[in-house]
Amino acid sequence: SAVIDFGGNHVNVITAHFGNEGDDLDRKLQAQYIANLTLEAEGPVVYVGYLTSRPGSRDYKEITGRGNMKDIDPSDVSRFCLYVLYNRVIRVGYARISHGTLSDTEVQLGRFRLSTLQSELNASTKISTDSESVPVEHRFTPVFGGYGVGHNGGST
């Protein structure tokens with residue numbers, strides 16, 4: 001984990017690569033450790049890493065439930081490896097680009113905004129929106145392609 005200074009505002013960034021399917025106890029202990037890190041962190045937290053388990057799994061629930069982290073796209077149930085989770089920041093953009101049949105061959109990008117207003121932090125869970133309603137400065141470049149659903153969902 002690291003603390004990054006964004007113009008005087010500190011953001012906790014955590015990354016990890018959990019063990020493979022055969023390492024059940026290892027993954028369980030890693031999830032507990034990451035959940036503890038997120039709970040102990042002062043200020044905003046962003047996790048980017050490999051959980052090597054599906055959304056809704058024991059380890060996913062440990063971090064998003066007990067660890068109080070939000071999934072950048074909880075509607076995407078086709079992921080297995082790479083996740084972007086966050087707390088105490090406002091999600092303003094998300095892009096997932098798949099170019100293969102494994103999530104190891106994809107890129108996930110999150111764009112966040114800092115805020116101290118609890119009402120804004122609670123309201124930052126909107127998943128899909130008309131791109132025209134998104135402020136231009138929050139949009140991703142069109143090179144990322146169009147909207148697709150699911151694992152390797154077309155041109156996204």
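Is Y60 buried or exposed, and what is its relative accessible area? Select Y60 and you will find that this residue is buried, with a relative accessible area of 10%, where buried means under 20% relative accessible area, exposed over 50% and partly exposed in between, with a 1.4 Å probe and protein chains only.

Before going on, keep in mind that this is a predicted model, in which local features need pLDDT of at least 70 and side-chain atom pairs count only at pLDDT 80 or more, while totals for chains, interfaces and linings use all residues. Residues are numbered from 1 along each chain as its sequence is written, and side-chain values use heavy atoms, with hydrogens and water left out.

Y60 sits in helix α2 (residues 58-66) and Y83 in strand β5 (residues 82-87), 23 residues apart; helices (H or I, at least four residues) and strands (E, at least two) are DSSP runs, numbered from the N terminus. Y83 counts as buried, at 0% relative accessibility.

Now select D71, which lies in strand β4 (residues 70-71) and counts as buried at 7% relative accessibility. Among the residues that D71 touches are Y60, Y83 and Y86, contact meaning heavy atoms within 4.5 Å.

Note on methods
Lists of a residue's contacts leave out its neighbours within four places in sequence.
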